[in-house]
Amino acid sequence: MLAKTFGSAVYGVDATMITIEVTVGQGLGFFMVGLADSAVKESQQRVEASLKYFGYKMPRQKVVVNLAPADIRKEGSAYDLPIALCILESSEQLQAVNKLEDYVIMGELSLDGILRPIKGVLPIAIEVRKQGFKGFILPAENAHEAAIVNNIDVIPVETLQEAISFMKGTSSIMPLTVDTRDLFFTTQNDYPSDFSHVQGQENIKRALEIAAAGGHNVIMIGPPGSGKTMLAKRIPGILPPLSLPEALETTKIHSVAGKLGSRATLVSRRPFRSPHHSISDAALVGGGSYPQPGEISLAHNGVLFLDELPEFKRTVLEVMRQPLEERRVSISRAKMAVEFPSNFMLIASMNPCPCGYYNHPEKECVCGPGVVQKYLNRISGPLLDRIDLHVEVTPVSFDQIASTRKSESSSEIRERVIKARERQTERFKEHSDIYSNAMMPPELVKEICQISEEGMALLRIAMERLGLSARAYDRILKVSRTIADLAESEDIKVEHLSEAIQYRSLDRENWAG
């Protein structure tokens, strides 16, 4: 007798349907075909132990499990539950009232039949709805994640016996429903860190507000203890709230990477990722023999913070160049190529020199001649070219630390950022792939960032006197356009340009001289 149901395999952030067929017939042995990896083949032992635990028998005949299509590699332990149910039906130990082929079934079995959570549930649930299946049977710990997708029956089960009883019709399980919109809108502004807790550093807050308003990448240069990390952690709180489509896309990536945790639902806040400087190339951009999203994809629609940027390996930093430009990362392997989105805001911080006290107002730098320039040269020109704002952070004085004056809150700053982003949305409505000023290509910069003769004269003087490099030109125009948007100005004025010019510290030829 042939038993058939459906599972799914996830590639990149999209799911593909897998047909699971089982026959029990004459002969001996257990055979699994269809390009299954070791974890899938080991399901025989988990399935047999689970069946025996609940008093069922593993057939002592020839059992053939086929996972189709055969040219797609199947990985992981999530096929345990559908294989177990198909074996029971094929060996006539299960007379299913609810037909197996009406459902997509996924779940890893422990030896006592309890279901363990799996990865990539959200992309699978989206594909279940797209393909028109009746429902999705899965571990209870993953059910809230799947219930984000409406118009499908999400059937949460704790054990193999619960799944069997549901298929027999001897017990009913109510489909889980989640009010996604209510949950999303009640938690999207809940950030633990707020700019109101930061004393002083008003010029740095201003620079970060500009960065958030235009989607610009930022590097902060300053001595140890000046507040670079503290300021960076508060940036997600001033970015515009996630839209529902953005939240869904972000949740898919975290689901595939297995980062959501049990009983998790929609990601409602912008991600903040801060990898250690010992990270490998593959961990940062994604990879592996079975490609998984890296830190830059986990930071999609949020912030990627690289603390102590020069301490990262040169090769690690160089692989970020293409994702920063294209807002996506392509990972190619011999048998597959997957693509992960990586539209993130890069925030980096660094000490100005190895000892940390170059240009410090009070402490003296002990680095030898040429050491500061050598330290800065660890960051390549092409990577620095993709960072719009260079901000020098100075230590906070005692009077500022001890001040009881309340600083501006993140919500107040966010309101101005949202207004500036709305102006940009209107400006780029005919360009579907551009959402912010930072994403403008050079030809659009010339069209949109037009400046007066007075402004052009100022820019010429700045380029010559400060020794700014040629790559600073476009960056200054983009940042000045964002400053004008924050000021609700249609034109880029001289004061907007002059503020933008001061955010190009590392482009000055004499900075580390």
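How far is the sulfur of Cys355 from the closest cysteine sulfur, and in which residue does that closest sulfur lie? The distance is 3.5 Å, to the sulfur of Cys353, which is too far for a bond. This is a predicted model, in which local features need pLDDT of at least 70 and side-chain atom pairs count only at pLDDT 80 or more, while totals for chains, interfaces and linings use all residues. Residues are numbered from 1 along each chain as its sequence is written, and side-chain values use heavy atoms, with hydrogens and water left out.

**The cysteines**

- A disulfide here is a pair of cysteine sulfur atoms within 2.5 Å, and by that rule the count comes to 0.
- Cys367 is in no disulfide either, as its nearest cysteine sulfur, that of Cys353, is 3.7 Å away.
- Cys355 is partly exposed, with a relative accessible area of 23%; buried means under 20% relative accessible area, exposed over 50%, and partly exposed in between (1.4 Å probe, protein chains only).

**The protein as a whole**

- The protein has 22 helices and 18 strands, where helices (H or I, at least four residues) and strands (E, at least two) are DSSP runs numbered from the N terminus.
- Along the principal axes, the C-alpha atoms fill a box of roughly 90 × 50 × 45 Å.
- Of the 513 residues, 54% count as buried.
- Among contacts with a separation of 6 or more, 75% come from residues 24 or more positions apart; contact means heavy atoms within 4.5 Å.

- S11 and strand S14 (residues 303-306) run parallel and are joined by 2 bridges, with Val303 of S14 as the bridge partner of Phe272.
- S14 in turn runs parallel to S17, with 4 bridges between them, and here Val303 has Met345 of S17 as its bridge partner.
- S17 is mostly covered, with 6 of its 6 residues buried.
- In a regular strand the side chains alternate between the two faces of the sheet.
- In S17, Met345, Ile347 and Ser349 point one way, Leu346, Ala348 and Met350 point the other way, and all are buried.

- Axes are lines fitted to C-alpha atoms, for helices over the stretch in contact, and angles run from 0 to 180 degrees between N-to-C directions.
- Helix H8 (residues 202-214) also packs with helix H18 (residues 410-427), at an angle of about 35° and with the axes 8 Å apart.
- H8 contributes Glu209, Ala212, Ala213 and Gly214 to this contact, and H18 contributes Ile413, Arg416, Val417, Ala420, Arg421 and Gln424.
- By type, the residues of the contact of H8 with H18 are 5 nonpolar, 2 polar and 3 charged; Ala, Val, Leu, Ile, Met, Phe, Trp, Tyr, Cys and Pro count as nonpolar, Asp, Glu, Lys and Arg as charged, and the others, Gly among them, as polar.

**A buried helix**

- Helix H3 (residues 80-90) is mostly covered, with 11 of its 11 residues buried.
- The buried residues of H3 include the charged residues Asp80 and Glu89.
- After H3 comes Glu92, whose phi is positive, near 65°.

**Two residues to look up**

- Glu295 is found in helix H12 (residues 295-298) and is buried, with a relative accessible area of 14%.
- Leaving out residues up to four places away in sequence, Glu295 touches Arg273, Pro275, Ile279, Ala283, Leu284 and Leu304.
- Thr186 lies in helix H7 (residues 180-187) and counts as exposed, at 56% relative accessibility.
- Thr186 and Ser268 are 82 residues apart in sequence and 8.9 Å apart in space, C-alpha to C-alpha.

Methods:
Pairing = 2+ DSSP bridges.
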